[in-house]
Every structure is written in structure tokens, then in C-alpha cells.
2 protein chains.
Amino acid sequence: MTSIDDVARASGVSTATVSRALRGLPNVSPATRETVLATAEQLGYVVSSSASGLATGRTLAMGVVVPNVSRWFYATVLEGIDAALRRVGYDTILFNLGLKGEDRERVFHRSILRKRTDAVIALCLDFTPAEREQLASLGHPTIVVGGPVPGLRHLGVDELAVARAATAHLIALGHRQIGHLAGIPEPGLNKRVPQRRRRGYELALSSAGLSARPEWIEPSDFQISGAREAALRLLRREPRPTALFAASDEMAIGAILAARELGLDVPRELSVIGIDNHALAETFGLTTIAQDAFGQGRLAAELMLEELAGAPPRVGQLHVPATLIERATTAPPASRAQVE
Amino acid sequence: MTSIDDVARASGVSTATVSRALRGLPNVSPATRETVLATAEQLGYVVSSSASGLATGRTLAMGVVVPNVSRWFYATVLEGIDAALRRVGYDTILFNLGLKGEDRERVFHRSILRKRTDAVIALCLDFTPAEREQLASLGHPTIVVGGPVPGLRHLGVDELAVARAATAHLIALGHRQIGHLAGIPEPGLNKRVPQRRRRGYELALSSAGLSARPEWIEPSDFQISGAREAALRLLRREPRPTALFAASDEMAIGAILAARELGLDVPRELSVIGIDNHALAETFGLTTIAQDAFGQGRLAAELMLEELAGAPPRVGQLHVPATLIERATTAPPASRAQVE
DNA sequence: TTGAAAGCGTTACCAT
DNA sequence: ATGGTAACGCTTTCAA
């Protein structure tokens, strides 16, 4: 492996000059810089991140803690983070808690704490007090994307408002019988997200003088398959709601599949709205409240980079916008038309 | 930040002993080890990966090059890799080429080559000669998962055989008019995968004395939405095939959606088979040739770890098994029943 | 079993 | 503009 010494020797200057030239620092004559760059290139020299990390205290790497990379939201946020980091030459170190989440302790204890990163971005997790403390003790910038966490900075949509808006859309269309495919608080994941989405649904209903029937609220995981089954259960009960607010687009798609299986026409007999604007939302013609997952990831990364560059941390709740996208799965309730 | 010196001082031994004790090396008295472990824990000491990396030449990190993390296959392989690495305390450094792939050069030149990793696993990419050379010049173990690449070690299913098996299944059911939703060679991605799957289809047909009608082969990207449109085009033409072999499960799902929109009953009027055993395959009752993406990732990681541990590289084509899973989207052609 | 000390490859300060 | 040279925190001989 060629080191900086080799380059120095080959170009007839000191290692200090090579280092300066390579990093584009001032106080290097154009001629020298050119020579150094050329020989470095020719020798195939690459800086050792260990050595420069040791010398500078900077790793040029960002830790990203994710529950898994298989879900749309996580994968998309990760893409956003990574895109922002790539632009400035930062690397992404992935701390995947794994589908089962039993490697959690190991991840926190061994990896993150190995001082390998300059900052940490965590996705939608529910930290234990011990974990929070460990993060804090690293003494570097941290932010959570996707769900509010007490004691840690956080960035994401206003879950409550988003859920209210989705439900309100159904109400505005004339629906009075509105069900909810609720999310289940999953172990290790932020429980506030499903809770707030459900609360927003309830608030929207009560604001409109309606009430939520318990049998029209069916919880499931955030996956298509689980939601499909939940929707099947819910829709088989009589009386049946005329509209469904799903806690996520994947759940909404599950509901659409269930409705088809039951021979229910969407949106004539059942309106469905979700949250996310998932990659498949358009394919299914799904009406949804779009949240920019990619943008959230990018923003999180940019905030961390800013802080690393010395900027004072921006404080307070960072709420990103979410907008209603009307497509083909919501319409006024058929009962109305039939009655008229 | 507490360093090894702090621990040494606090426990009244030398840094050498602390280092040995912490890493579980022999020649440390039980008493000393206990003291060291306790003080390290109490001081919240964590080794600096930069420093130990510099000293040992090992980074304890694996580079994983992925086209993106949004597609099922990539995400799942990544989960498998990461699970294997986590077990042994290795970190995953993600080199995401990005959805557009224009950061490719930057990734290769700057990041990968920063000597940050002990080995590299690449997913299903099509390397340029320059990139291949760069990888080789790193001088560390490398493997490609998912598509054969000349000159690099590779691990994955036998694409040709898998495609033949899928098509043969349709033929065995009695189908004679079989179409193919083919994959499009995407820029930067391994072109051999879609090519071989198509070739396997053609070979299976000709082995059975059938021929592939060009108008029954419709290419699209590997996504649900794109395949849905392709299937729509294909199925609207007359005469229509009685069965469809899709180059991936996502494409097969697109075909199912298209069939439903056209009022075609699956499998009565149209059989559909895919490849992958995607997370949604079961939900859609999709018949498919299952490939263990998670296991492939894990295996790749294990191979790399083996080599890093000094084992000689296993050579030759590494083909992992794939098995037919019959579900509800394939059946004998209706024409037969009607004719009889 | 333990300790002293020489690296590991860079960076950054201080001279020049 | 350039060079010499301490760090940086850890590992690993080699002695004791």
C-alpha cells in the first residue's frame, strides 16, 4: 500500500506539503501541487481513513441507525441521507438493528460506540434511557427522523396533523362512517407514530361531531399483508364503514386488496386514504397524504453536516410539510348517491 | 473522550495490559482482567476504531456497494450481509450508488478507495473495466452477489436454470402460449440477469418444441408499476398468451394487477409465475421460483469474513439453490378445459 | 504476567 | 511556500 511518504519521496517534497497539496489547502505553489497530484494519481495513492481520522479526530462518516432497510419509509429516508452525504464525501455507516431487533444491544454497545462516526442519525426508534445516554455520551450531533423522541432532537411530519388531515378529507367528502386501520406499536420502534395517527383520526372525528366506533378500528403491523388481513376482518363486520383511513400507504394498499377480494368497489363502495405517498401509491391510484421521506433524510443529513461544520444546532420541533394528493381511491359515499 | 491511557492509569497497569485485557487475549491474570474491565466500563471507555485500525491494518468494516436500497432484492441481500457482519462485530459501510447513479464515479474514486474497509461486497452491478481494476487494486477480498461478472468472484442463483424452471413449470401445466415479461438491462446494473432470464425462457420453450413469439415478449424495468403497464400492452394484443413468465416477482405482481384491470381471471384465464419469492408473493398467492436473497447476503459476508480470517478463497461459480413454490397464480390453461 | 517503547499514516504546528 | 516534527490512540514486539 502506497503511503503519503511514497508520494513525498517520488515527488521530491515533504509529507507535509503532499498532505496540503492533496487536500487543496493554501500555501502550496501551483507547480508543486500539480506534481504532487500527478504522482499521487500515478502511484494510486489513497489516504488511510484510519490515520487521518486519528490525526484529525474526524472520521468523515455518519452513523445511521435503522430498524431495517426493507420498509419503504426507512429505505427512502436512507436514500436521502446517503445522497446528501455522498455529495460532500461523507460515508454512511449502517447500523441495522435487524428484523428481529435482538442485536440491538450489540449495535449500541459495540459499534456505535466505536467512535467511528462524527454524528448519528436514527430512524423512528424508541430508545431506552440507557441507549439515549449512550448516544449523548458520544458527545456528537444526533437527530431522530420520523417520530418524536423526548430528549432527542427530532425531524418529521406532524403526525397528529397529518392524520387529522387524512380523516378530514374523508369527512369533507361526506363520509360519516369512517374506519381506521391503525398501526401497532412495535417493540423497539417509536410508539408515538401509530398512537398519534390514531389520535388524529379520533380528533378529526370528534371535531366533526362524529365518534369512532371501536369495531371500526383494526390494528395491524405497517405491512401490506398484515393490513390486508386486518381490513378483511374489519370489512366483514356489519355495518361496514364507507371509508377507511389507513395509518400508512402500505396498509392502505392492503385495504384495497382486501376490498377487491370482498368484491367491494373502491372508491364507490369504500374510500381509502393512506399516509406516505409510497412508491406504489400511484400504481394503485391511492389518495394519500404525501410525506417526503427522501427529503427528510436529506434534511437530517444536512443538519448534521451543518453542525459538524460548526453551526449552532437549530433547535425546536422540526416539522416538514405534508400534502394531500387526491387520486382515485376516495370519493363521496355511495349511500348518498343511492339515496338521492 | 477517555482513552486507553485513562483506563491504564485508573487501574494501575500499563496500556499494553489494558489492551490485552480488553480484547480477551491470554497472559492476563484474572484479577487484573477484572479490574481493567471494570474501570473501562465505569469510565465508559470505547476503543477508537481509527487508532486500532491504524495499528492493526484492520478496519473491522465491510464495504457494501449497492445500486440502491429501495428494491426488494438489494434490501434483502443487505439485511443478510448486515446480519452476518453484526454477529462478529463488523460494521457495514454502505456505498449507495444512488437512484440516478451519477455519483458512481465519486463513490468509486473517493469513498471506496479510502481504505476504510477490509473487504467489499457488491450487489448485481455492471462494473466498468476501470472500476474493476480499482477494486482489484485495493488488494482485498471482493465478491459480487446477484449476477455473474467476468473477472470477479460471484455468488447467486443460476439465472438460466431458474428461468428455464419457471417456464418449464408453465409448460408442464399444459401451456403452449407463454409470454414473457422481460427485464430491461438498466444502465450500471448487471445486464446478464435480464438477458439470461430471457434466454432461459427461450431455451425452455424450444426444448419443448415451442417458439417464443416476439409480440409476447414485453420488456420493462423490474418494478411493479412498469411491469403493470408492460403487461397491459401485452395482454391487450390478440391472440393473448395463456401464461406469463415474469422476470421477477415484482413484475409478476404488476402482471396480476394488469390482468385484474382487464377483467382476466388469474389463474383461470392467465397463469403467472415470477422469480424471487418477494415479501408480497404470498399475499398475492404468487407462484414463484424462490431465491434466498437474505441467505445470499449472509453467505457473501461469511465468505469474506472467512478470507479475512486467512482461509483460502473458495473459487468457482457459487450457485445457490432456488426452488419452485406453487401457489395460486398458476394452473392448467382454461382452453383445455373448455375444449374438453 | 506485565511493562516499555516502537511503530501505524496523517495532520498541524512551528520554523525556516 | 516548504520542511521538520510532535502528536493522535492503539497494538505488538521484546525484555523483564
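How many aromatic pairs does a search of the whole structure find over all chains? The count is seven, where rings of Phe, Tyr and Trp (its six-membered ring) pair if their centres lie within 6.5 Å. Keep in mind that this is a predicted model: local features need pLDDT of at least 70, side-chain atom pairs count only at pLDDT 80 or more, and totals for chains, interfaces and linings use all residues. Residues are numbered from 1 along each chain as its sequence is written, chains are lettered from A in the order in which they are written, and side-chain values use heavy atoms, with hydrogens and water left out.

**One aromatic pair**
- A:F108 and A:F127 have ring centres 5.9 Å apart and planes at 80°, so they count as edge-to-face (planes over 60 degrees apart; under 30 is stacked, the rest tilted).

**Where the chains meet**
- On chain B, 54 residues are in contact with 54 residues of chain A (heavy atoms within 4.5 Å).
- About 4600 Å² is buried between chain B and chain A, with carbon and sulfur atoms giving 53% of that (accessible area, 1.4 Å probe, that two parts lose on being put together, summed over both).

**Charged links**
- Four salt bridges are counted between chain B and chain A (a side-chain nitrogen of Lys or Arg within 4 Å of a carboxyl oxygen of Asp or Glu).
- A:D91 makes a salt bridge with B:R114, and their closest N and O atoms are 3.2 Å apart.

**Strand to strand**
- Strand β2 of chain A (residues 91-96) runs antiparallel to β2(B), joined by three bridges (strands are DSSP runs of E, at least two residues; two strands pair with at least two bridges).
- A:L94 has B:T92 as its bridge partner in β2(B).

Definitions and conventions:
Helix = DSSP H or I, 4+ residues; strand = E, 2+ residues; numbered from the N terminus.
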